[in-house]
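Please keep the model open as you read.

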Amino acid sequence: MSDPFIVGYDGSPASDRALDVAIAQAVEASTPIILVHVLEWSPYSFLTQEELAERHRRRKEELARAESAVVTPALERVSGHGVEVSPVIRYGHSAEILVELAKSEKARQIFVGRDGSSAFKARLFGSTAATLVQVSPVPCTILP
Amino acid sequence: MSVISRIFVFFAALLAATGAQAQSLDETINGLFESSTGWYVDLIFANFPGTEVPWIVGWLVIGAVVFSLYFGFVQFRWVGHSIRLVKGDYSDPNDAGEVSHFQALATALSGTVGLGNIAGVAVAMSIGGPGAMFWMILAGLLGMATKFTECTLGVKYRNEFPDGSVSGGPMYYLTKGFKERGLPGGTFLAVGFSVFTLLGALGGGNMFQVNQAHQQISGVVGEYPGWITGIVFAVIVGVVIIGGLKSIARVTEKVVPFMGILYVLAALVIILANFDQIGIAFSRIIEGAFTGLGVAGGMVGALIQGFRRAAFSNEAGIGSAAIAHSAVKTKEPITEGFVALLEPFIDTVVICTITALVIIISDQLVTDPETGLFVVENGQIVTQSGATGVALTSDAFATAFSWFPIVLAVAVVLFAFSTMLSWSYYGLKAWTFLFGEGKGKELVFKAIFCFFVVIGAAASLDPVIAFSDAALFSMAIFNVIGLYFLMPLVKQELRKYSEKLRSGEIRKVK
């Protein structure tokens, strides 16, 4: 079995395009795909007292929603192409998690879409694609 | 919006009804308040027979000393580990998205850092002199062990509901912990604790806060009746806790840490700009701690003020922190104890100390040039401008930055507001423990809470401080008794945890 492709997927049209390209290449190279959906999260953010108490419940809800609204449709998109796919849902910083998985899974390539936000917004909030270009340990394919 | 608009209509009616006797309303509320709470305050602050020491202060200090000794000064031996836990060195990456140690600590701190650090220190200094600071720091250091004990238990015995939300605090460890050890009286202690938590939430967590906020606002815009501030605050608090408008709470929670950092930075700038006086300031603190430097009550006066304000500021032994810390995600309850012990350190040893240093360095307390002792009138040290409470701290900062009183006024109002939100939550937890969960029952408590906001703003400072202190300390009576009985359980946890660390079962992930 060859080293997997990692696809950063958030349900946006751009990430659909990234997934499609990854599928096409995976079919050719008979490579498995790891489909990664990241829920943005910082352990250093501030929460109110009530948010603390409800956090565990919210997390379960968020995971269930991510599963049904984002990951399941993506898996349907892959099915029928004969590509092996394993979904991963994680909390954290998107680029960091993609890089971490690329290392631990010895991935061959990372595929992501970029959301096309303005340079200003990207500078303010950071962009996953731009960060990957700078720090990714493996080649990246970035789809517009 | 219907709830919110109903609140507005209610207060508009109240306003119209009382408009005629606007000025006398404050006096009426004040008189009623003082006469109805005076006996209770006297009871809580009664002295040990034949001494000048209030028994309740002794109670907390003895507790803190016992916990410090019993756990072999855990607050010093484990502090490095505490910091590593907060940094997330031991956090399982698979738990990302759950409440982290840092978040639990930050939220608990935003409930305690506030007026206690700004107004409380000023009150302690003007009654007890700089020496009060020495005892305050000592109380803070000892209080770390108390917090460690109560927050470990808070996590260990919290309730986890099927929907995944959690509820924790002394009322739960008092009932479950006592049952586990086969001890009687747990329920009695838990009920007692909850009753006084309700009073504490209405007193120190509500009336004292809004009262100080009113003093600040009227200091900036000019004198006006307190009940107006009360109604405005009651509406805003009501919109958040009854109307469920979370965005206000969220904004406050985000601005408060920023304000805290700004406050500390401003204080550090003043202290560093006068670094030649730091030595003098500390020598006044130490000298005053043992001689009183002429303050009413001498050394004992300084000691009592220091301990009293420390407890009010960092809430160690009060039990409130155990409620705040109980939501953290951890397999080892004791880790939250380690994290919580940083709280009195940050709150009292660091933030209160720098407030005190600024007050001393800026020469706010008037001394007699001939004797070097403080000039005392009516039991209080005379200050440059005659101010006390927040105004004294404000004057001290204004000597360096003339614009600071405005920043401080904003900070105080925000601190007051965030503390009120935290305490409305603590109060609610006590309320639901006593009367059961349910939307209707919760609404009753929330309405009472808002009503007391108005009373707190209208009453004058002294009876409010006295009542707030009394209510908070009463919580400690029940909580600390419980801690004595449950501390062997914490020791077991400590032993198991050190064993796991030694064997490498628990190790750093970063």
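Predicted model: local features only at pLDDT ≥ 70, side-chain atom pairs only at ≥ 80, totals over all residues.

**Second largest pocket**

- The space comes to about 880 Å³.
- Among 31 lining residues, A:Glu50, A:Glu54, B:Leu428, B:Glu442 and B:Lys446 are closest to the centre.
- The lining has 11 nonpolar, nine polar and 11 charged residues.

**Largest pocket**

- This pocket holds about 1,000 Å³ of space.
- Its lining counts 41 residues, with B:Gly88, B:Ser91, B:Asp92, B:Pro93 and B:Val509 closest to the centre.
- By class, 16 are nonpolar, 10 polar and 15 charged.

**A:Thr31**

- A:Thr31 sits in the loop between α1 (13-29) and β2 (33-40) of chain A.
- A:Thr31 counts as buried because its relative accessibility is 3% (buried: under 20%, 1.4 Å probe, protein chains only).
- Beyond neighbours within four places in sequence, its contacts (heavy atoms within 4.5 Å) include A:Phe5, A:Val83 and A:Arg108.

**Terms and basis**

- A pocket is an open set of points on a 1 Å grid over the protein atoms alone where a 1.4 Å probe fits, with protein on both sides within 12 Å along at least five of seven lines; lining residues have an atom within 4 Å of a point.
- Helices (H or I, at least four residues) and strands (E, at least two) are DSSP runs.
- Residues are numbered from 1 along each chain, and chains are lettered from A in the order written.
- Local features need pLDDT of at least 70, side-chain atom pairs pLDDT 80 or more, while lining totals use all residues; side-chain values use heavy atoms, without hydrogens and water.

Key: Buried < 20%, exposed > 50% of the residue type's maximum accessible area, 1.4 Å probe, protein only. Points joined across faces, edges and corners; volume = space filled by probe spheres on them. Nonpolar A, V, L, I, M, F, W, Y, C, P; charged D, E, K, R; others polar.
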